[in-house]
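Please open the model in the viewer and follow the selections below in order.

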Amino acid sequence: MNMTGIIFSEMCNDNLNAFTLDRNMAAIPFGGRYRLVDFPLSNMVNSGITNVAVVAKQHYHSLMDHLSKSQEWDLNRKNGGLLILPPFVNGSFSQTHRGKLDDLRNALIYLEDADTPYVLLADAHVIYNLDYRLVLQSHIDSGCDITLAATCQTEATQEPYGIVMEAGDDLRATSFAVDTQAAPGAYTGMGVCIMSREKLIQVVRDYTARGSYDLYRDFVQAQFNQGNLSINVYHFQDVVLHIRNAEEYIANNLSLTQPEIASALFRTDAPIYTRVHDEVPAYYGMDCDVSGCIIADGCIIEGSAQHCVISRGVRIGKGAVVKDCIIMQGSVVGEGAVLEHVVVDKWATISAGTELKGAPNSPVIIRKGATV
Amino acid sequence: MLLAGGQGSRLYVLTENTAKPAVPFGGKYRIIDFSLSNCVNSGIDTVGILTQYQPLELNDYIGNGQPWDLNRNFGGAHVLPPYTKTSNNEWYKGTANAIYQNIPFIERYQPEYVVILSGDHIYKMDYSKMLQFHKEKGAECTIAVITVDPEDATRMGIMSTDENNAITDFEEKPAHPKSNQASMGVYIFTWEVLKQYLIEDEADPNSENDFGKNVIPAFLRDGRRAFAYPFDGYWKDVGTLGSLWDANMDLLDPNDPLDMRNPRFKVYSRNYASPSTLLAPGSKVSNSFVAEGCRIEGTVENSVLYTGCVVEAGASVSGAVVMPNTVVKRDSKVHYAIVGEGCTIESGVTIGLRPEERGEEAWGISVIGHGKTIPTGTVIKPKEIV
C-alpha cells in the first residue's frame, strides 16, 4: 500500500472533559460497542492501509488496552501493523503537544522509517465511512500539494470547524480558514489530509524548528495565503459526524438510532471493527418495551427504553423507563428508575426508583463507576 | 481430542452442506464453541479437532484458533482431517479409529492424559475437575455421566456403577436400561493405556472401531480401572431438530440453566464485525435472545435471533430460531420454526402456526434450510422441512 496512516487521538479532549478525565478522546465509547478510534482505524484497514500509528498524549491507558488486540483490525502484522506513539522527551526536544506539528515531530522516526510515498492524517473525533483510496486517487489526479477531504455545508453553522474552505467546480481551494464558522456552500474539513511523505517530513522539521506547532494554521494557511501551496478538496457526500463537544457527542451517538445514518456508517462491504468482548446476545424480558434504540451484546433489558444507545452488558431493571439516554458498558439501571437525557458512563449503578432528568442541551452526566 | 466429523443426519437440511459442529447455535455461537470453550476454560492449551464430513465451513471457522485463545506457539488448535499414508488410505472408520489415526499427533505433545470429546453437545463443564477425579481414583478411563429420564436411556450409552463410582457395566443404546446414568461422550484416558487399546482395537478385524461399542467394553472386560464422573449441570445433545429448537429455547429461561453469563467461564466464538442491534421505532421485542447486527422493525417474541437478522415492519416472529443473516420481509409470519442461515423470507409468507391456531393436522416445528429464498405468499405448514 502506498499510504501510511496517522491518527490523532485527542484533538477535542478539553471540550469533552466530562468523558476524558480518565481516557483520551479516541477511547470514548460510541455506538454501543465502539470507541471513536475504531472508525478512522477501520477506514484505514478497509482502504488497504497496513501501517498505522496512533498518536497519544495523555490518559492513554484505555486506548492502549483497547488497541492491544491489534488482530481485531487485522493489524497484527510482521511488516507494519499498528503502533501507538506515546509522548517522549529527548535531549533536544521536550514535548509540549500544542498541535499536530508537535505530534508529528514525535512521529518523525516512524515517518522516516515508513516505506510509502504518501501519508494520510486522520482525526479520531470525526466519524464517517470512507475508502481513503478514493481520496488518494483524487490527490494524485489533482497534482496539488495536499488534499483535504471535506463536506459541503448546506446551511450556516454555529459551531466552528477546524478547516473551512471555498472551492470552485474544479475543487481547488480558493480560500482557507481555520477554526471558524462555515457559510452555506463552504467546504468543511473532515480532518483527513493526504500529502507526500517526504514533503510532510520536511515541513515538520522546518516548522517545529521555528517554534510552530499548528499544521493547518502555521503551515497550510500561511503557505496557501502566500500562493505557495495548492489544495485539492476531496468532496465527500455521505454522513459525517463531528464530535467537538459533549452536546455533539450525545446528539451524534443518538443519531445512530436512525436507520439511514446507521446504514451509512455500518456497511457490510466496509465494516467497522472493534475489540471483541465475547458477551452473550442481549436478552429482552417478558414485559420490556424498547423502540428507537441501538443495543449491544450482553444486555438484559426488562424495562422500557426509547431513543437510547445501550452498550455492552447493561442491565435495565423491571419498570425502569429510560428515554434519550446513553448508557455505557456494564452499567445497571435499577428497577423503577426513570432517566431522561442522562449519560451514564461505564460501570455505574443507578439505584432502584431513582429519577434523573436532564434537558436536551444540558444532560445529566453520571461518572464512570458512580453509584446514584 | 474433539470429534467433529459427524454428519448429524437427523438435522436434515441444516447439515446438508456443513458438519453438525458448525451448525449455528444460541444467537452468535456454533455448536463446537461449547466444547472448544470448555477446553480453554479448563486450562487445556492443545486441542486436535478431527474433521471428516463437509469440513470446509468448520475449517474456516476454527482458523488459527485465535477466538478461543488457541493460537499458541506450543500446542493450540489443530484441525486434523484424515490423510493418505504409504500403506493404507482410509477415512475415519469410527471414533476410536479417528484417534488411532492421530496417535502421531498426540505423541508430539507427550501428554499424560487425553480428553476425548464430541463437538456436538451443548454444555459447560470444567474438565480439570474431572481430571482431578480421574487422578484421585487412580483411573485409567473416566467417563462423564449425567442422569437421564428412563425413556431417553434407550438412545444412549448407559453405565452401571458400584458405590465407589467404578463402572461395572456399560451398554450402548440398551432396550432395557439397567440404570439412568448416561454417557455424555466425554472421556478422560491415561494416554499410555489408551494407546495400547487403540492399537489392539485396530488389529481386530471384527471391531467397529468405536469407543462406546468396542474400546470401553474392552477396558471393562480386562478389569481396567474405569470410573463414572457424575455431572449435574446442563447438557444437551442437539442431534435432532426438536432438541436443537429446545436447547435454543432453554436460553430464554430466566434461571439461565446453561450459566451463559458467567464472566469466568465465557463461551467464545468467532465474531464478525457487525454493529449493535437496531430496534426501530414501532418494534416490539419480548422474551427473546437477540444477537448483534440485527435490525428489528416488527414483532419478535419467545425467539432466538442470530447475528445480522432483519425483521421488517409488520413481520412477526414467535417461538422461532432464526439463524444468522436471515431477512424476514414485511408482513411475513414465522412461528415455531428453525430458519437456517442467510435465508430470505419474502413478504406475506407464513411459516408454521402458533400452537393456539393449529387444527386437527399434525403440528410441530417447521424448518427452512440454509440460504433458501421463500417466495411471496408461500405457506409452509408445521413440521414441513424445506
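The tour begins with chain B and then turns to the domains of chain A.

The coordinates belong to a predicted model. Orient the view along the principal axes; the C-alpha atoms of chain B then occupy a box of roughly 65 × 50 × 40 Å.

Next, colour chain B by accessibility. Buried residues make up 55% of its 386 residues.

Now consider contacts in chain B between residues with a separation of 6 or more. Of these contacts, 58% link residues 24 or more positions apart.

Then select the charged side chains of chain B. There are 35 positive and 48 negative side chains, and a distance of 4 Å separates the centres of the two sets.

Finally, move to chain A. Where do the assigned domains of chain A lie? Select residues 3-265 for domain 1 and residues 283-366 for domain 2, as given by the domain assignment. Over C-alpha atoms, the centres of domain 1 and domain 2 of chain A are 32 Å apart. To the contact between them, domain 1 of chain A contributes 15 residues and domain 2 of chain A contributes 20 residues.

Technical notes: Residues numbered from 1 in each chain as written. Chains lettered and ligands numbered in written order. Predicted model: local features only at pLDDT ≥ 70, side-chain atom pairs only at ≥ 80, totals over all residues. Heavy atoms only, no water. Buried < 20%, exposed > 50% of the residue type's maximum accessible area, 1.4 Å probe, protein only. Contact = heavy atoms within 4.5 Å. Lys, Arg positive; Asp, Glu negative; His and termini not counted. Charge placed at Lys NZ, Arg CZ, Asp CG, Glu CD. Domains from an automatic or database assignment.
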